[in-house]
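Dear colleague,

I am passing on the structure we spoke about, together with notes on what turned up in it. Please have the model open beside this message as you read.

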Amino acid sequence: MIDRLILNVFEWAAGHSDEGRYSPVGIAFHWTMAVLVVFQLGWGWWMGRMPVGGDKVAAYEVHFFVGVLMLVLALARLGWRTFAPDLINDADKPGWESTAAHVTHYVFYTCLIGLPLTGWAMVSATARDQQLTFLGWFDWPLMPMQTLSNPMLWWIENAAEWMHWGLIVSLILLIPIHAGAALKHQVIDRDDVLHAMAPVVPLPTRRRTRWQRRYRALEKQVGALASGLWRRLPIRSGPRRPAP
């Protein structure tokens, strides 16, 4: 019975993919994670400027709680994308934009999974005698670092903090790139990419616009410039042979 239920769920998701849209499950994952990411960035910035005290400790508990929730949702979304039928739309057209979109998604997953893990590592290295809780609801274990020496714990905490900040910066850079690419698909390309993830956004009428012509012309110019620079690189020309 469970196998049949799972099969029906995947067939239901495939029906949405065949229509060029993400399933409601995929859409819920996407927008829930988007809200949590924005919340965490804003909350973390505000939390870092709070004076030391009970309020800051409580703010850290909220930050940790949302981080673990993001980790669970990111892994669940990754599992859903692994087993549910993948959507094929205009973003999958051959070219550099499709490659860039796939790379962006991989980096997003690295950030969404890496940020909670590095935060968990920092807490585990510095508060190994403190019991973590989900806002007092239930206990959450620390990473197994209790037997490590203090110098090793300090090294882990420092490395995890640097990685945490690096992932935050990467995420801050990726968000406007991702949002700008979605708007470009809607306004310039006038395709189904944004509509697939946000069905409330109307599907644009397919027609060429002056913005599309300008973008294509700029794309050709940049491509020609990049191709010319690539051909002039020393590694492309190879070592020069001495004259006889």
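Asp189 is buried, at a relative accessible area of 11%, where buried stands for under 20%, exposed for over 50% and partly exposed for what lies in between (1.4 Å probe, protein chains only). This is a predicted model, in which local features need pLDDT of at least 70 and side-chain atom pairs count only at pLDDT 80 or more, while totals for chains, interfaces and linings use all residues. Residues are numbered from 1 along each chain as its sequence is written, and side-chain values use heavy atoms, with hydrogens and water left out.

The side chain of Asp189 forms a salt bridge with that of Lys184, at 2.6 Å from N to O; the term requires a side-chain nitrogen of Lys or Arg within 4 Å of a carboxyl oxygen of Asp or Glu. Lys184 is likewise buried, with a relative accessible area of 12%, and the count by this rule comes to one salt bridge.

Turning to the helices (DSSP runs of H or I, at least four residues, numbered from the N terminus), α4 (residues 96-126) packs against α5 (residues 150-189) at an angle of about 150°, with the axes 7 Å apart. That makes α4 roughly antiparallel to α5, a description kept for angles over 145 degrees, on a scale from 0 to 180 degrees between N-to-C directions, with axes fitted to C-alpha atoms over the stretch in contact. The residues of this contact divide into 16 nonpolar, ten polar and five charged, with Asp, Glu, Lys and Arg counted as charged, Ala, Val, Leu, Ile, Met, Phe, Trp, Tyr, Cys and Pro as nonpolar, and the others, Gly among them, as polar.

Helix α5 also holds Glu161, which is partly exposed, with a relative accessible area of 32%. The C-alpha atoms of Glu161 and Met122 are separated by 6.6 Å, although the two residues are 39 apart along the chain.

The axes of α2 (residues 24-48) and α3 (residues 54-83) come within 10 Å and cross at roughly 155°, so α2 is roughly antiparallel to α3. Their contact contains 19 nonpolar, eight polar and two charged residues.

Key
Helix = DSSP H or I, 4+ residues; strand = E, 2+ residues; numbered from the N terminus. Parallel < 35°, antiparallel > 145°, perpendicular 65-115°, else oblique.
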